[in-house]
Amino acid sequence: MGWIPFHDSANSKPLFFTIYATVIVGVVFSSFYVFSAIYSADSSTWFSSSSSSSSSSSAPSLVHVDQGPNVSRGTNWVAVPVPPLKSHKYLNMSTRPIWELPPSGEKMPSLKAFRLTQTLVAQRVKDNVIIVTFGNYAFMDFILTWVKHLTDLGVSNLFVGAMDIKLLEALYWKGVPVFDMGSHMSTIDVGWGTPTFHKMGREKVILIDALLPFGYELLMCDTDMVWLKNPLPYLARFPGADVLTSTDQVVPTVVDDSLDIWQQVGSAFNIGIFHWRPTESAKKLAREWKEMLLADDKIWDQNGFNDLIRRQLGPSVDEDSGLAYAYDGNLKLGLLPASIFCSGHTFFVQSMYQQLRLEPYAVHTTFQYAGTEGKRHRLREAKIFYDPPEYYDSPGGFLTFKPSIPKRLLLDGEHNLESHFALINYQMKQIRTALAIASLLKRTLVMPPLWCRLDRLWFPHPGILEGSITKQPFLCPLDHVFEVNVMLKELPEEEFGPGINIREYSFFDHPLMPKQVKDSWLDVQLCREGSPGCNVTNNTSSLGIRFPKHSNEETFKSVFSSFKDVKVIQFSSMQDAFHGFSDKKMEEKFRKRVKRYVGIWCCVKDNAPGHIYYDMYWDEKPNWKPIPPQTPEDDHPPW
C-alpha cells in the first residue's frame, strides 16, 4: 500500500508524528515556492518596448500542429527537483528567471559582467546542456521569438550572444540571458551573402570553439529558426553522437522520427541547427573549422563544415543508432530528420511532417526568396512569430476579401507552366484590385492565401523536386510569387504614391489577435448595379452593406468614410470591385509601385535563362505567355 500522510498516526510515536508533520510542511512550502516562481516568471512582460513597462500575462503558446507518433525512446525524462529558494535580491542577471525584468532603479552592469566565461555559462546550464543563438540588433524580434518559444516549452537553459551593444542592452532590460560577443558589428540587417554576413558565420565557429572546452553539450541555433517542441529528449536518444546536424535534404529517407539515413542524404549539412558534445573529436573539428575560416575569408562557414565532415563519411557506427563515422574517422555524426527538424522547404512547401503524421521539433526559414522580410513573413503565416501588440491593431484598420478560384484553374489538367501561371495570374488580378482599394481607403491589406501548381527554386526542375512529397496544387508562401521585401520597403511617396501595408493571410487566426479588432467588422457584399437592393449607401444591416461593382474612387470614399472607426472591412470578392483611380497621377504612381511587387518563377529546364517574370498587368498585354526572356534585352522585370 502506498504511503498515506497521517495514516494510523494516532498509534505512532511522537517522534514519527513530528517527522511526518515536518515533511508535510516542507512539501506545502516547496509547492508554494514552485507555483510562486512559475507565476512570477509568467507575469513578466516579454515584448514590451520599454524596460520599465508594467507586468502583463505572457503570450500564449502559438504552435498548433498535428500530433504524431514520434515519442522519445531510451531516456526517462522526469521532473528535476527545484533548487532551494534564493532571495531575488541575490539573483544576478544570469540566474534570474527569463523575462523577469531587472529591479527598478538597477543600473546596467559593466560590459565586463557580460564576458563569455565558463562561470557565466554555468549559471544557465541544465543537465549539462546549454542552448545558444546569437545575432545583432536587426534580429531582435527573431531573437525574442526564439527565446519565447523555448520558455513556452519549459526550456530555460539558454543564452543569447549579442554582436552589438545595442542588442546586449535591450535584451538585458527585457530579462533575457545575454553575453557579449565583442563583435561590435553594425546594428542593421547585413543581408545574406555579404562580407558582414560571412563575418557573422566566422563568429559562430569561434563561439563553438570557445564553448566546447567548458565541458557542456551545446545546441547551437541560427536566429531565423524557432523551436516547436523541446528537442532535448530527442537529442538525448543518441548519447554516442559527437555532432547531430540538420540538413537541406528535401527527399525523405525515413517516415518515422529516426535519424535520416546518412547514405541517402545528398544535400548539404545545414549548420543552422546542430548539437555538439564536448568530446575530443568534436573539439578537434571545431578547432580545425575555425582555423580554416580564419585562414581564408572566401570560404563560407557552411561549406567549410561540409568539406571537413565529408573528408571521411562512413561507415556506420552500428546497425541501430543511425550514426556514421565522419571527419577524421573517429567523430560520430548523426543527421537530424528533415521531416521534423524542418527546412523552409520541408515545412512551408511540402508540409512533410503533416503528410507523415509527425510532430515537428523546429523550422528553419531556409529555401525562401525575400531576405529577412521573407523569413519573418513565413513565420507569421505559420502563426509562430511574436509581434508587439500594435502589429495586430494597425491605425486605419484592415481590409480583407474572400478570394475566389474556379476549380478548373486549381485542379483540372496537367500541372505545367501554362496552368501554373493561369492560376497565379487569376489570383494576382484580385490582389491588384485589393491593393488599390487598400491604398484608396488607407487600410492595411490582409493578403489572401496563395495557391501554386509549381514549386519555385534557384535551378531548373520539372515543376516539383523529384523525390519530394510536394502535393500539387499547394498553398505556397507569399515570397514564391511576390517580392515581400519590396512590399514592406519604404518607397519614395512622390514617385510611388502612398505605401500599402500588408499582413499575412493567417492574421485573423493568430492567438494574439485582440477581441476589439475581431468584434469591429463590416461585411461588404458586392452586387450588380441596378439589381434590387444594390444602392450606393452607407446604411448597414446585420449582414453588412451591399456595394455596387465597378465603383469609382469617389464612390468608395463617400461610402467608406463613414466606417473609419470599423477595424476590419471584408469584401465578398474583388472581382470587378474597383473601376479605377480618377486621379491619373495617382494611378500612375500606384502602377509603378505594384509592378515591383511581383518576382520570378524559376526555372525552365534546358533553357538559359530559365526564369520567367511575373507581370502584375499581364491582362493588358494581348497574347501574353509565360516564357523565359528570349534575348538579353528582354531579361528584365516588366517595368
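Residues are numbered from 1 along each chain as its sequence is written, and side-chain values use heavy atoms, with hydrogens and water left out. Because the model is predicted, local features need pLDDT of at least 70 and side-chain atom pairs count only at pLDDT 80 or more, while totals for chains, interfaces and linings use all residues.

## The nine-stranded sheet

Nine strands form an open sheet with mixed pairing, in the order β3-β2-β1-β4-β7-β6-β10-β9-β8. Helices (H or I, at least four residues) and strands (E, at least two) are DSSP runs numbered from the N terminus, and two strands pair if DSSP finds at least two bridges between them. The edges are held by β3 (178-180) and β8 (313-316), each of which pairs on one side only. From one strand to the next, the twist averages 35°; axes here are lines fitted to C-alpha atoms, for helices over the stretch in contact, and angles run from 0 to 180 degrees between N-to-C directions.

Strand β4 (residues 217-221) is joined to β7 (residues 269-276) by four bridges in the antiparallel sense, and to β1 by four bridges in the parallel sense. How many of the residues of β4 are buried? Five of the five are, so the strand is largely enclosed by the rest of the structure, where buried means under 20% relative accessible area, exposed over 50%, and partly exposed in between (1.4 Å probe, protein chains only). Both faces of β4 are covered, with Glu217, Leu219 and Cys221 buried on one side and Leu218 and Met220 buried on the other.

Helix α3 (residues 140-152) touches β1 (129-135), β2 (158-162) and β4, and its direction makes about 170° with that of β2; contact means heavy atoms within 4.5 Å. Helix α7 (residues 280-295) lies across β6 (243-247), β7 and β10 (331-335), running at about 140° to β7.

## The six-stranded sheet

An open sheet of six strands, paired in parallel, has the order β17-β14-β13-β21-β18-β19. Its edge strands are β17 (502-503) and β19 (545-548), each pairing on one side only. Strand β18 (residues 521-527) pairs with β19 in the parallel sense over four bridges, and Leu526 stands opposite Phe547 of β19. Helix α13 (residues 417-441) lies across β13 (398-401), β14 (444-446) and β21 (568-571), running at about 155° to β13.

Two packed helices are described by the angle between their axes and the distance between the axes. The table sets out two such pairs.

| Helix pair | Axes come within | Crossing angle |
|---|---|---|
| α7 and α8 | 10 Å | roughly 130° |
| α13 and α17 (residues 553-560) | 10 Å | roughly 55° |

Helices α7 and α8 are therefore oblique to each other, as are α13 and α17; angles under 35 degrees count as roughly parallel, over 145 as roughly antiparallel, 65 to 115 as roughly perpendicular and the rest as oblique. In a right-handed crossing the near helix is turned clockwise from the far one by less than a right angle, and in a left-handed one anticlockwise. The crossing of α7 and α8 is right-handed, with contact made by Leu285, Glu288, Trp289, Met292 and Leu293 of α7 and by Asp301, Gly304, Phe305, Leu308 and Ile309 of α8. The crossing of α13 and α17 is right-handed, with contact made by Ile437, Leu440 and Leu441 of α13 and by Glu553, Phe556, Lys557 and Phe560 of α17.

## A buried threonine

Thr470 is found in the loop between β15 (451-452) and β16 (474-475). Is Thr470 buried or exposed? Thr470 is buried, with a relative accessible area of 7%. Its side chain is joined to that of Ser468 by a polar contact of 3.3 Å, a polar contact being a pair of N or O atoms within 3.5 Å of which, within protein, one must be able to donate a hydrogen and the other to accept it, with residues adjacent in sequence counting only if both atoms are side-chain atoms. Leaving aside neighbours within four places in sequence, Thr470 is in contact with His345, Val349, Gln350 and Ile464.
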